[in-house]
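Dear colleague,

Please find the structure we discussed below, together with its sequence. I would be grateful if you would read the notes that come after it with the structure open.

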Amino acid sequence: MAIYENLSCISLELNAGTVAQYYFVKISGADGQFIEGAANTDICVGVAQDAESTVGNSVAIGYAGISKVKVTNGSITRGAQITCHTDGGATAAASGDEVQGIALSSASVNDVIDVLLTPSSQLLA
C-alpha cells in the first residue's frame, strides 16, 4: 500500500563525495552543506530526495513527514525504529543508535520503503 503525505524539504549543498537517492544525510562543512550519513550514531537531518555527485550542487532533503528510504542492511519490520547504516541507507535501530524514523512497512535489503521521519535526535534505549 502506498502512503502519500506532504514531505517538508530543505535545500542543502553537497560538501563532499556523493549522495544516493533516499539515503540519510548529515550536516558537514560550512553552513548549509551536507554529506551522506555514515554511521548509526550520526545525527542525520533528513533523506536526500535525489542523487547527486557534484560537490556544490544543491539537493532537496526531506526532514519531516513521510519519505522514501532505501534499506541497505538486514530486514526491517513495520513499526520498527530505523537508523542510518554505514553506507547511508536504512537499517533497524538497536540500543545506542540514533533513531531517524519509523518504518511504515516491512522490508529487506534493497527495498525502498516509506518512513515517518523523526526530526529530533533520540537514542534508542
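Predicted model: local features only at pLDDT ≥ 70, side-chain atom pairs only at ≥ 80, totals over all residues.

Salt bridges. The structure contains two salt bridges. In one of them, Asp42 and Lys26 meet through their side chains, with an N to O distance of 3.4 Å. Asp42 belongs to the loop between β3 (33–36) and β4, while Lys26 is part of strand β2 (residues 24–27), so this pair ties together parts that are 16 residues apart in sequence. Asp42 counts as buried, because its relative accessibility is 10%, under the 20% cut-off.

A salt bridge also joins Lys68 and Asp114, whose closest N and O atoms are 3.0 Å apart. Since Lys68 lies in strand β5 and Asp114 in strand β9, the pair ties together parts that are 46 residues apart in sequence. Lys68 is partly exposed, at 34% relative accessibility, whereas Asp114 is buried, with a relative accessible area of 8%.

Strand pairing. The strands that hold Lys68 and Asp114 are also paired: β5 and β9 (residues 112–117) run in the antiparallel sense and share six bridges. Within this pairing, Val112 of β9 is the bridge partner of Lys70. Strand β9 pairs with strand β8 (residues 101–103) as well, again in the antiparallel sense, over three bridges. There, Gly101 stands opposite Leu117 of β9.

Glu52. This residue sits in the loop between β4 (46–48) and β5. Glu52 is buried yet has no salt bridge, and Lys70, the nearest side chain of opposite charge, is 18 Å away. What does the side chain of Glu52 reach at 2.9 Å? It reaches the backbone nitrogen of Thr54. Leaving aside residues up to four places away in sequence, Glu52 touches Leu14, Thr18, Val19, Asn57, Ser58 and Val59.

Ile61. This residue lies in strand β5, which spans residues 58–70. Ile61 is buried, with a relative accessible area of 0%. Not counting residues up to four places away in sequence, its contacts include Ser8, Cys9, Ile10 and Leu12, along with Val25, Phe34 and the stretch Val45, Gly46, Val47 and Ala48. Ala51, which is 10 residues from Ile61 in sequence, is 11 Å from it in space, C-alpha to C-alpha.

With kind regards

Technical notes:
Residues numbered from 1 in each chain as written. Heavy atoms only, no water. Helix = DSSP H or I, 4+ residues; strand = E, 2+ residues; numbered from the N terminus. Buried < 20%, exposed > 50% of the residue type's maximum accessible area, 1.4 Å probe, protein only. Contact = heavy atoms within 4.5 Å. Lys, Arg positive; Asp, Glu negative; His and termini not counted. Salt bridge = Lys/Arg side-chain N within 4 Å of Asp/Glu carboxyl O. Polar contact = N/O pair within 3.5 Å; in protein donor to acceptor, adjacent residues only side chain to side chain. Pairing = 2+ DSSP bridges.
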